[in-house]
Amino acid sequence: MAVPKRKSSKRVIRTRKSSHSKPGVTTTECSECGAAQIPHRVCPSCGYYNGRQVLTVDAD
Ligand SMILES: [Zn+2]
């Protein structure tokens with residue numbers, strides 16, 4: 001098995017790991033209620049998807 005010849009410096013490790021972060025969740029504005037929602041998912045606040053009601057959401 002290949003073994004590293006030298007210890008990686010803090011800078012090298014931190015520079016490599018700087019690209020490891022996950023991007024945040026993309027949200028769009030709901031066309032019915034205007035709330036933030038994930039694209040291609042039913043809107044959690046009004047229950048609409050593709051211009052029609054697909055879920056009944058409790059209003060409280
Ligand atoms: Zn909505």
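This is a short tour of the structure, stop by stop, with something to select at each one.

Before you start, note that the model is predicted, with local features needing pLDDT of at least 70, side-chain atom pairs counting only at pLDDT 80 or more, and totals for chains, interfaces and linings using all residues. Residues are numbered from 1 along each chain as its sequence is written, and side-chain values use heavy atoms, with hydrogens and water left out.

**Stop 1: the zinc ion**

Which atoms coordinate the zinc ion? They are the SG atoms of Cys30, Cys33, Cys43 and Cys46, at 2.2 to 2.3 Å. Donors here are N, O and S atoms within 2.8 Å of the metal (3.2 Å for Na, K and Ca); water is not among the atoms, so sites may look incomplete. Along the sequence, the donor residues follow the spacing C-x2-C-x9-C-x2-C.

Now look at the angles. For comparison, the ideal angle for four tetrahedral donors is 109.5 degrees. If you go looking for disulfides (pairs of cysteine sulfur atoms within 2.5 Å), the structure holds 0.

**Stop 2**

Cysteine 33 sits in the loop between S1 and S2; strands are DSSP runs of E with at least two residues, numbered from the N terminus. The cut-offs are under 20% relative accessible area for buried, over 50% for exposed and in between for partly exposed (1.4 Å probe, protein chains only).

**Stop 3: two positive phi values**

Next, select histidine 40, in the loop between S2 and S3. Histidine 40 has a positive phi of about 65°, although it is not a glycine. At 67% relative accessibility, histidine 40 counts as exposed.

Then move to asparagine 50, in the loop between S3 and S4. Phi of asparagine 50 is also positive, near 55°, and asparagine 50 is exposed, at 72% relative accessibility. As background, most residues other than glycine have a negative phi.

**Stop 4**

Finally, select valine 57, in the segment after strand S4 (52-53). Valine 57 is partly exposed, with a relative accessible area of 36%. How far apart in space are valine 57 and serine 45? Their C-alpha atoms are separated by 6.8 Å, and the two residues are 12 apart in sequence.

Conventions. Helix = DSSP H or I, 4+ residues; strand = E, 2+ residues; numbered from the N terminus.
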